Amino acid sequence: MAFGHSMNELIVLLDFGSQYTQVIARRVREAHVYSTILPFNTPADEIAKLQPKGLILSGGPSSVYAEKAPLPDPGIFALNIPVLGICYGVQLLAHFLGGKVEPGQKREYGKGTLTVADPECPLFRDLPGALQVWNSHGDKLTKMPEGFRTVATTSNSEYAAIEDRSRHLYGIQFHPEVVHTPLGRELLANFIHGICACRSDWTMQRYLGQATEELRAQIGKDQVILGLSGGVDSSVAAALLHQAVGDQLTCIFVNNGLLRSGEAEAVQEVFGRHFKMRLHYEDSTELFIKRLDRVTDPERKRKIIGRTFIEVFTACAEQFGNARFLAQGTLYPDVIESVPIAGNPASMIKSHHNVGGLPKRLKFKLVEPLRRLFKDEVRQLGVELGLPKEMVHRQPFPGPGLAVRCLGAVTAEKLRVLRAADAIVVHEMKAADWYYKTWQTFAVLLPVRSVGVMGDERTYDFTIAIRAVESQDGMTADWVRLPYDLLEHISSRITNEVRGINRCVLDITSKPPGTIEWE
């Protein structure tokens with residue numbers, strides 16, 4: 001679905017390949033101003049058509065003087081809008097406007113101290129004279145462009161922040177978007193609100209109103225189907241579409257038998273009985289378990305589950321032959337990851353959810369009601385739509401479900417054991433007020449049997465591993481130091497209540513070197 005930006009005001013980010021570009025975009029939105037990310041070489045006249053209030057040039061891994069450096073259309077500096085160059089972005093300002101950039105004799109990586117030379121600079125309004133900042137660069141400005149002046153320095157750079165206030169051009173050599181620059185959000189807010197004069201009009205409440213109208217205009221009187229998994233994205237997409245088009249939406253929920261305890265019942269309760277949506281429930285548990293019989297390789301498991309889901313979903317979808325649209329919970333990161341940046345072949349589009357491989361014969365038109373939103377915004381929208389907290393703030397759950405937490409071959413009995421143990425972990429984490437403080441907490445059934453003693457009897461049963469990690473985005477993670485009494489209580493309940501388990505262990509591996517999931 002090709003939305004325009006929903007509010008009157010927009011900040012455009014040009015992406016030069018920085019790993020932090022999405023973080024910058026999120027920081028702008030956290031200031032309640034809409035942001036969009038465009039490729040570095042977007043023509044200036046295309047940017048002008050969007051009528052942005054300001055332009056941010058991201059960092060990047062290149063050197064501006066390198067032969068194949070990603071360079072913008074020079075016309076961006078004549079758009080007569082405020083510009084903020086960050087790291088590689090400030091070097092672009094110098095490179096294009098008559099300054100000079102050279103390799104630094106000393107590189108700056110990690111924490112540093114920024115000394116503000118001019119507290120009157122709008123970027124540093126109401127900020128202290130010395131700030132902790134995060135640096136990540138090897139090149140440095142050695143000559144400022146004409147009309148610019150220094151407004152802040154570091155021990156390694158006399159041009160750590162520069163400005164041409166008359167033309168509203170600003171550049172900083174550090175990264176204000178990362179958490180290691182504690183006052184970075186305030187600095188960005190100074191640029192967004194103080195320099196660009198943006199109002200705070202990007203809110204999920206206002207977005208909900210406009211998105212509803214846009215969906216009605218796109219769908220008209222046609223029918224829509226959506227693959228509902230019970231996850232955050234598909235749940236919020238379903239609730240938004242239902243608000244927009246009501247009974248024109250049919251949700252298809254496939255129970256693959258690999259869900260957690262009570263999950264299938266919760267989806268039917270929330271969407272079928274509470275929201276009164278048209279919900280087609282397909283219980284394919286036996287089919288999935290049969291096809292996973294004696295399969296131990298994790299990748300084979302994933303492929304079998306994916307293919308089977310597509311087969312089942314397709315058969316269900318064909319029952320609704322009058323539907324013209326297929327809805328997906330595609331998010332903004334999925335969209336911008338599909339755009340190659342500076343020739344980077346790693347930036348490819350993801351397979352969106354479980355319906356990415358539907359046969360072409362179905363000939364649906366795609367509707368993607370969340371494609372402008374980041375994950376945290378999707379959760380906020382879910383709250384606005386009245387979804388329960390347990391669904392909106394649900395921890396990430398793998399597409400293949402419990403199959404990749406049941407190591408080795410998957411059987412109905414092993415799933416029973418794992419499901420019961422996992423339910424105890426989740427219940428006790430919530431009761432102790434730890435569940436929403438962690439990125440993921442779950443149980444893993446290990447193909448390891450050991451001797452135990454229960455009462456006066458010898459046992460020879462399986463082992464449950466408890467996995468609890470904290471993370472910002474799932475790319476890296478650290479294990480959570482849960483209280484010993486909580487771990488003891490979880491272990492005691494599992495070994496006492498779950499038949500087939502006589503031992504619990506704790507996974508204390510970070511990512512890297514491990515992964516969050518075991519398979």
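**Entry 1: P128**

I take buried to mean under 20% relative accessible area, exposed to mean over 50%, and partly exposed to lie in between. The model I am reading is predicted. I looked up P128 first. Is P128 buried, exposed or partly exposed? Its relative accessible area is 38%, so P128 counts as partly exposed. I found P128 in the loop between β5 (100-116) and β6 (130-143). Not counting residues up to four places away in sequence, P128 touches V116 and L183. I also checked P128 against Q319, 191 residues apart from it along the chain. Their C-alpha atoms are separated by 64 Å.

**Entry 2: L13**

Next I turned to L13, which lies in strand β1 (residues 10-15). Its relative accessibility is 0%, so L13 counts as buried. What is L13 in contact with, leaving aside its neighbours within four places in sequence? I listed T21, I24, A25, S35, T36, I37, L38 and I56. L38 sits 25 residues apart from L13 along the chain, and I read 6.1 Å between their C-alpha atoms.

**Entry 3: helix α1**

I recalled a general point about helices. An α-helix has 3.6 residues a turn, so residues three or four places apart point the same way. After α1 comes H32, and I noted its positive phi, near 65°.

**Entry 4**

I then followed strand β8 (residues 157-164). How many of its 8 residues are buried? I counted 7, so β8 is mostly covered by the cut-off of under 20%. On one side I traced strand β7 (residues 149-154), which runs antiparallel to β8 and is joined to it by 4 bridges. The β7 and β8 hairpin has 2 residues between the strands. Strand β9 (residues 169-172) also pairs with β8 in the antiparallel sense, over 4 bridges. The hairpin of β8 and β9 has 4 residues between its strands, and there H168 takes a positive phi near 60°.

**Entry 4: the nonpolar cores**

Which members of the largest nonpolar core touch the most other members? I wrote down L14, L57, L226, F271, L370, L381 and L387, out of 70 residues. Helix α6 (residues 232-245) gives this core its largest share, 9 residues. Apart from this core lies another, of 46 residues, including I252, L258, I305 and V425. I went back to L381 for its contacts. Leaving aside neighbours within four places in sequence, L381 is in contact with M204, Y207, L208, V236, L240, L370 and L373.

**Entry 5: the second largest pocket**

Last, I looked at the second largest pocket, with a volume of about 370 Å³. Which of its 18 lining residues are closest to its centre? They are S261, E263, E390, R394 and K430. I sorted the lining by class and got 9 nonpolar, 3 polar and 6 charged residues. Where does the lining come from? Helices α7 (263-274), α12 (389-392) and α13 (412-431) each supply at least two residues.

Notes. Residues numbered from 1 in each chain as written. Predicted model: local features only at pLDDT ≥ 70, side-chain atom pairs only at ≥ 80, totals over all residues. Heavy atoms only, no water. 1 Å grid on protein atoms, 1.4 Å probe; cavity = no way out; pocket = protein on both sides within 12 Å on 5 of 7 lines; lining within 4 Å. Points joined across faces, edges and corners; volume = space filled by probe spheres on them. Nonpolar A, V, L, I, M, F, W, Y, C, P; charged D, E, K, R; others polar. Core = buried A, V, L, I, M, F, W, Y, C linked by side-chain atoms within 4.5 Å. Buried < 20%, exposed > 50% of the residue type's maximum accessible area, 1.4 Å probe, protein only. Contact = heavy atoms within 4.5 Å. Pairing = 2+ DSSP bridges.
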